[in-house]
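Visitor: I have a model open and would like to talk it through with you. Could we start with strand pairing and then move on to other topics?

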Amino acid sequence: MRRRHFTAGLATLPFVPTFALAQGDDWPNRNVRIVCPFTPGGSQDNIARRLAVKLSEEFGQTFVVENRTGAGGSIAADNVAKSPPDGYSVLLGNIGSHALVPHLYRKPAYNAVTDLETVAWIGTQPNLLCCNPNFEHNTLPKLIAAAKKDPGKYSFGSSGLGTSPTLTMELFKQKTGVDITFISYRGAAAAAADVLAGHLPMVISNIDSLMGQVSAGKLKPMASSGAKRSTVLPDTPTFAETVSPDLVVTSWSIWAVPTGTPAKIKDKLRVATEKALKSPDVTESMKAGGFEPGVMTVPEIDAYIQTEIKRWGEVIRAAGIKAE
């Protein structure tokens, strides 16, 4: 009878899903994965790791960066999109995973708009075009004039077709009408090595990937792709001021989680991220690499992503880049 009475007593209690308690109120109560689409040591990976340290300190749980590279960021994004919506899988979303993949792959395994939800804006990083110090056409006006005189003669290297740096140059070509050849490399380091060796005149990549060689005088910066001059290279002009005001391209970063993740979890992650981005040591380290931390509301982020999807679809189609 006692057993029956106990069971009946439980039946009278309101039903509260264990999922809601554990994953909302108590999140995080174990390790959280931050899935990064880029290789260890790269600019985006560095951002993920800087923030992971701060989030670990804030919540008292370990935030572990897990690198899943390849396919323009789609491998990492698909992994998170198909993970349980419980707050324990977070994507370092970016221009590739959200705005480029839909146009570069015939049948993406995920939909960034419907399968993932944005949580927080992290910031932006411009791309930087550099050349060998001995390259005679070492400014954009000189390069444009030379490329128009000898179409196809000059080339640049970067990592992979359809990335933010290579699409910066595709947009540059469309705005100026020049014919410059793209040489694909596995990474910015390999492309920069060939420029340093004199095998290639120019390289373009995220700004912090090239700052070491620039600071050492081994590479000459020609132009950055931000809306304004980079604080780490104030004497280097932008594509926008030299070519066209709308030639602004940044590699932006966000946190995204699987659709259906409880709002309480997303709010906790957003607030903690915004707090971390205001930390002096995080701000200084990011800005030293040319990365600009920032804050946007979720509706603002989603609206921005939609404009980026539309914009890069037009650029990719105009460039004749075929979907894989």
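Visitor: Which strand does β3 pair with, and in what sense?

Guide: This is a predicted model, and in it strand β3, residues 89-94, pairs with β9 in the antiparallel sense over four bridges. Within that pairing, asparagine 94 stands opposite serine 253 in β9.

Visitor: And how many bridges does β9 make with β4?

Guide: β4 and β9 pair over nine bridges, again in the antiparallel sense. Serine 253 of β9 has glycine 123 standing opposite.

Visitor: Is β9 buried or exposed, then?

Guide: Nine of the nine residues of β9, which covers residues 250-258, are buried, so the strand is largely enclosed by the rest of the structure.

Visitor: Switching to pockets, what volume does the largest one have?

Guide: The largest pocket has a volume of about 940 Å³. It is lined by 42 residues, and those closest to its centre are Pro37, Phe38, Ser159, Thr163 and Arg186.

Visitor: Which element supplies the largest share of that lining?

Guide: That is α5, which contributes five residues to the lining of the largest pocket. Elements that supply at least two residues each include α3 (43-59), α7 (164-176) and β7 (202-206). Sorted by class, the lining of the largest pocket holds 17 nonpolar, 22 polar and three charged residues.

Visitor: What about the second largest pocket, how is its lining made up by class?

Guide: For the second largest pocket, the lining has five nonpolar, six polar and five charged residues. The volume of the second largest pocket is about 260 Å³, and of its 16 lining residues the closest to the centre are Thr124, Gly226, Ala227, Lys228 and Thr250. Both β4 (116-131) and α13 (298-319) supply at least two residues of this lining, with α13 giving the most, three residues.

Visitor: New topic: how many disulfides does the structure hold?

Guide: The structure holds zero disulfides. Take cysteine 131 as one case: its sulfur is 7.4 Å from the closest cysteine sulfur, in cysteine 130, which is too far for a bond. Cysteine 131 counts as buried, at 0% relative accessibility, and cysteine 36 also counts as buried, at 0%.

Visitor: And salt bridges, how many are there in the whole structure?

Guide: A search of the whole structure finds 17 salt bridges. One of them joins lysine 266 to glutamate 117, with the closest N and O atoms 2.8 Å apart. That pair links distant parts of the chain, since lysine 266 lies in helix α11 (residues 263-277) and glutamate 117 in strand β4, 149 residues apart. Glutamate 117 is partly exposed, with a relative accessible area of 22%.

Visitor: Which residue does glutamate 241 form a salt bridge with?

Guide: Glutamate 241 forms a salt bridge with arginine 229, the closest N and O atoms being 2.8 Å apart. Glutamate 241 lies in helix α10 (residues 239-242) and arginine 229 in the loop between β8 (220-224) and α10, so the pair ties together parts that are 12 residues apart in sequence. Glutamate 241 counts as partly exposed at 46% relative accessibility, and arginine 229 is partly exposed as well, at 36%.

Visitor: Where do aspartate 267 and arginine 270 lie?

Guide: Both lie in helix α11, three residues apart, which is about one turn of the helix. Aspartate 267 is partly exposed, with a relative accessible area of 39%, and arginine 270 is partly exposed at 25%.

Notes:
Residues numbered from 1 in each chain as written. Predicted model: local features only at pLDDT ≥ 70, side-chain atom pairs only at ≥ 80, totals over all residues. Heavy atoms only, no water. 1 Å grid on protein atoms, 1.4 Å probe; cavity = no way out; pocket = protein on both sides within 12 Å on 5 of 7 lines; lining within 4 Å. Points joined across faces, edges and corners; volume = space filled by probe spheres on them. Nonpolar A, V, L, I, M, F, W, Y, C, P; charged D, E, K, R; others polar. Buried < 20%, exposed > 50% of the residue type's maximum accessible area, 1.4 Å probe, protein only. Pairing = 2+ DSSP bridges. Disulfide = S-S within 2.5 Å. Salt bridge = Lys/Arg side-chain N within 4 Å of Asp/Glu carboxyl O.
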